[in-house]
Amino acid sequence: MAPVKVSKICCIGAGYVGGPTCAVVALRCPHIQVTIVDLNQARIDAWNSPDFNLPIYEPGLVEVVKQARGRNLFFSTNVDKAILEADLIFVSVNTPTKKSGVGAGFAADLNYVESATRRIAAIATSNKIVVEKSTVPCRTAESMRTILEANSKPGTRFDILSNPEFLAEGTAIADLFKPDRVLIGSLQTQEGRDACQSLAEVYANWVPRERILTVGLWSSELSKLAANAMLAQRISSVNALSAICEATGANIDEVAHAVGFDSRIGPKFLRASVGFGGSCFQKDILNLVYLSESLHLPQVAAYWRQVVEMNEYQKSRFSKTVVDTLFNTITGKHIAVLGFAFKADTGDTRESAAISLIRDFLSERAYVTIYDPKVEEAQIWLDLSEAIPGTPLETIKKYVTIVHSALEACKQKEAIVIATEWKEFKEIDWQTVYNQMSKPAFVFDGRMILKADELQKIGFKVKVIGRGDGQ
Ligand SMILES: NC(=O)C1=CN([C@@H]2O[C@H](COP(=O)(O)OP(=O)(O)OC[C@H]3O[C@@H](n4cnc5c(N)ncnc54)[C@H](O)[C@@H]3O)[C@@H](O)[C@H]2O)C=CC1
Ligand SMILES: O=C(O)[C@H]1O[C@H](OP(=O)(O)OP(=O)(O)OC[C@H]2O[C@@H](n3ccc(=O)[nH]c3=O)[C@H](O)[C@@H]2O)[C@H](O)[C@@H](O)[C@@H]1O
């Protein structure tokens, strides 16, 4: 068998990965018909909305969808039809951390991957290349193959590839246009290599060949977990150093700059923060911890677990700084939290550090006013309800207010906390804010985005993550 020339692609899962990834495939490959399917009708309706009110916010995404939708890019809930027609199927469904049962709190919940795989097996009447796009534990492709082969119709063959996604939210479109690398894992058989080449040809429409890496299936699966673990490890390392900076008077910005100048270390991903968030870092590390434990490698598991523990410590350390600085009590005090998303340029709040901070403030019975330029109000209520189980939303609403501008949030507060590094927070009229605040007026910069010296000149008391007092 020679490599198949792909002409129809189906992507199962129209989320943060499936949507942008396959929209870019459609844009860059006008000769390929791409159908992105999902069981969630509301999500598909949003992708199809006439005014391009898409279900996720991602800079540049609307422009991509505008060019390709209706041409060779389609969004649908008709999963079966798209499976039936496609010669290549991306599985881009969610793989959250398991909430109950064996491995609860650590292992990936592969329920969605399994049901998508079973659907492919039940529907397909011709050969398919099935591509694992979701982040999965090492050797998941083997389980997928077993399910597909056990349920396939006679004469139908499935080739399984691993093609993990490395895009970051907020820069997804730029990352997809110009990826550092595209990784494709396949079985090292002739059929496996042919399938790998078929997918490589799709990417080669816009990605330079030397950036398309082909490896074995298990290496590809593990490389995704490894990349996220090592990125998160850098943040936990720099955050651990930020605690030392605060205690000694060193400045984490200067330390990270000096350390990152070493070409072996490099400058990226060394920004101290109030803690990393996002749907994947914690989930994927816990997955690696679970894998290590399953393989009877407790020391390896403990090593990676510490990256997550340091992140938890950083978040609670920051909350404690706020309480300590506000004279050891925030009960009844009014605090503005600027930013709710887990990072700038996204409306995604999954595992956002802001949620932990607000939960801590509410446990001290402080009043919190939240502003985020992109996060929907309903999402904030949902996240807070989940973060504080057992407390009715009505009670939470007595303490929390959501507003529509930073200035409104800061009015008459005792303290302002920067939780997300939105650019607009740098451009706030701080003099006006100061004039309207109770005194002393405190600012806690959990993202190192403000000019502390200028704020101090205005009269603010400023605490910046990773900086001792007086810096
Ligand atoms: N969010 C991110 O930036 C990145 C995520 N990943 C990985 O990609 C995968 C997907 O992540 P997201 O896109 O963020 O998740 P998501 O939750 O935004 O999207 C997943 C979608 O799959 C749909 N779905 C689930 N089961 C289905 C089924 N059987 N048939 C049809 N649709 C189904 C859900 O309704 C949902 O809309 C995860 O494994 C994640 O770890 C990888 C790189 C980046
Ligand atoms: O698998 C995934 O889901 C993705 O996870 C991350 O992407 P993402 O979570 O979207 O965003 P990042 O830019 O990595 O930021 C993650 C968190 O770390 C924080 N961060 C990042 C960098 C830094 O120097 N300091 C820091 O605190 C961010 O504020 C954010 O809360 C990876 O960067 C992607 O390569 C990967 O594909």
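Biologist: How many residues does helix H6 have, and how far does the helix reach?

Modeller: Helix H6, residues 140–151, has twelve residues and reaches 17 Å from its first C-alpha to its last, close to the 16 Å expected at 1.5 Å a residue. The expected span is 1.5 Å times one less than the number of residues. Helices (H or I, at least four residues) and strands (E, at least two) are DSSP runs, numbered from the N terminus. This is a predicted model, in which local features need pLDDT of at least 70, side-chain atom pairs count only at pLDDT 80 or more, and totals for chains, interfaces and linings use all residues. Residues are numbered from 1 along each chain as its sequence is written, while chains are lettered from A and ligands numbered from 1 in the order in which they are written.

Biologist: Which residues of H6 are buried?

Modeller: A residue is buried if 20 or more other C-beta atoms, placed from the backbone, lie within 10 Å of its own, exposed if 12 or fewer, and partly exposed in between. In H6, the buried residues are Thr140, Ala141, Met144 and Leu148. They line one face of the helix, because seen down the axis of H6 they fall within an arc of 95°, an arc being that of the directions from the helix axis to the C-beta atoms. Thr146 and Ala150 are exposed, on the face turned away from the buried side.

Biologist: Why does Leu148 count as buried, and with which residues is Leu148 in contact?

Modeller: Leu148 counts as buried because it has 21 C-beta neighbours inside 10 Å. Two residues are in contact if their C-beta atoms lie within 7 Å. Leaving aside neighbours within four places in sequence, Leu148 is in contact with Thr117, Ile120, Ala121, Val130 and Phe158. Ala121 is 27 residues from Leu148 along the chain, yet their C-alpha atoms are separated by 5.1 Å.

Biologist: What do the buried residues of H6 pack against?

Modeller: They pack against helix H5 (111–123), strand S5 (128–132), strand S6 (158–162) and helix H9 (217–248).

Biologist: How are the faces of strand S5 arranged?

Modeller: In a regular strand the side chains alternate between the two faces of the sheet. In S5, Lys128, Val130 and Glu132 on one side and Ile129 and Val131 on the other are all buried.

Biologist: In which sense do S5 and S6 run, and how many bridges join them?

Modeller: Strands pair if DSSP finds at least two bridges between them. S5 and S6 run parallel, joined by five bridges, and Val131 stands opposite Leu161 in S6.
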